[in-house]
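This report examines a protein model together with its ligand. Please look at the sequence and the structure before reading on.

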Amino acid sequence: MSTPLTQHQTEIERNLEAWQNKPLLRLIYSRFYERIVALLDPKIPGQIVEIGSGVGNLNTHLPQAISTDLFPNPWLDVVCDGYELPFVNGSLSHLILFDVFHHLRAPNAFFRESRRVLTEKGRLILYEPYISWSSFLIYVFLHHEPVALRATINFAQTLPRPRDYYAAQGNATRLFFRREKSDWPSDWSLVHAEAFAGFSYLFSGGFNKPALYPARWLPRLERLDRALSRWPRLFGARCVVALQPL
Ligand SMILES: C[S@@+](CC[C@H](N)C(=O)[O-])C[C@H]1O[C@@H](n2cnc3c(N)ncnc32)[C@H](O)[C@@H]1O
């Protein structure tokens with residue numbers, strides 16, 4: 001049986017290869033990263049840290065961010081677990097998680113740690129899958145991780161070790177858009193929550209599947225996405241959320 005580290009490394013190597021050989025993917029991610037950069041507030045003092053950087057692609061748009069992950073790789077600055085961050089209290093301006101929040105079994109435990117390391121008006125930015133009527137089918141049938149719309153979410157304040165692998169792609173949709181737990185997160189303010197259509201992304205095949213359209217069609221698909229983003233519950237596929245400690 002392969003260990004989490006070998007599984008992770010196999011996925012990282014496959015993702016790196018896709019990143020290098022699929023210009024369409026780089027263009028699509030570049031738009032995703034622009035949405036994150038737009039949510040940064042340069043007036044907030046402190047460093048920017050990315051949690052769960054994986055292959056470290058966000059660095060193309062944010063070279064000043066400290067890239068970290070649970071598992072080591074030569075391009076990362078720090079190896080750390082999001083539940084136990086090696087940063088001093090109040091030292092960070094922004095924490096960024098790209099496709100990482102849905103891997104956090106105990107969001108409250110992570111939020112507690114984020115609160116500790118962020119400066120007073122610091123920001124936590126999450127970029128996640130969004131589950132709508134249309135994207136649900138794609139995430140369920142074409143993605144290997146569970147969507148888990150009915151699973152119980154663990155709201156404990158701590159998550160003891162050992163921490164096993166966890167994935168629930170629907171968690172951001174449930175918590176920040178459907179507001180299944182309306183008073184959560186109690187000591188944060190939600191400064192931005194936006195879901196948008198992502199057919200240009202879904203039909204690109206992402207990191208794992210071949211693209212269903214040629215790169216020259218991207219502008220057309222992006223126009224379609226912009227139009228359909230007016231109805232996120234029907235057509236949404238991705239979302240971005242920003243929070244600030246109260
Ligand atoms: C789906 S990948 C996303 C990687 C990268 N952000 C990207 O967009 O390509 C999830 C990443 O989160 C990391 N991760 C999962 N749980 C974590 C935790 N508790 N602390 C830090 N990183 C974690 C994994 O090692 C993995 O690299």
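Leaving aside neighbours within four places in sequence, which residues is N15 in contact with (heavy atoms within 4.5 Å)?

## Basis of the model

The model is predicted: local features need pLDDT of at least 70, side-chain atom pairs count only at pLDDT 80 or more, and totals for chains, interfaces and linings use all residues. Residues are numbered from 1 along each chain as its sequence is written, and side-chain values use heavy atoms, with hydrogens and water left out.

## Residue N15

With those neighbours set aside, N15 is in contact with V55, F207 and N208. N15 belongs to helix α1, residues 4-21 (helices are DSSP runs of H or I with at least four residues, strands are runs of E with at least two, and both are numbered from the N terminus).

## Surroundings of the ligand

The ligand is surrounded by 18 residues (each with a heavy atom within 4 Å of it), the closest being G52, D69, D81, G82 and F98.

A side-chain N or O atom of D69 is 2.6 Å from a ligand oxygen atom. In F98, a backbone N or O atom lies 2.8 Å from a ligand nitrogen atom.

Key. A polar contact is a pair of N or O atoms within 3.5 Å; within protein, one must be able to donate a hydrogen and the other to accept it, and residues adjacent in sequence count only if both atoms are side-chain atoms. Contact means heavy atoms within 4.5 Å.
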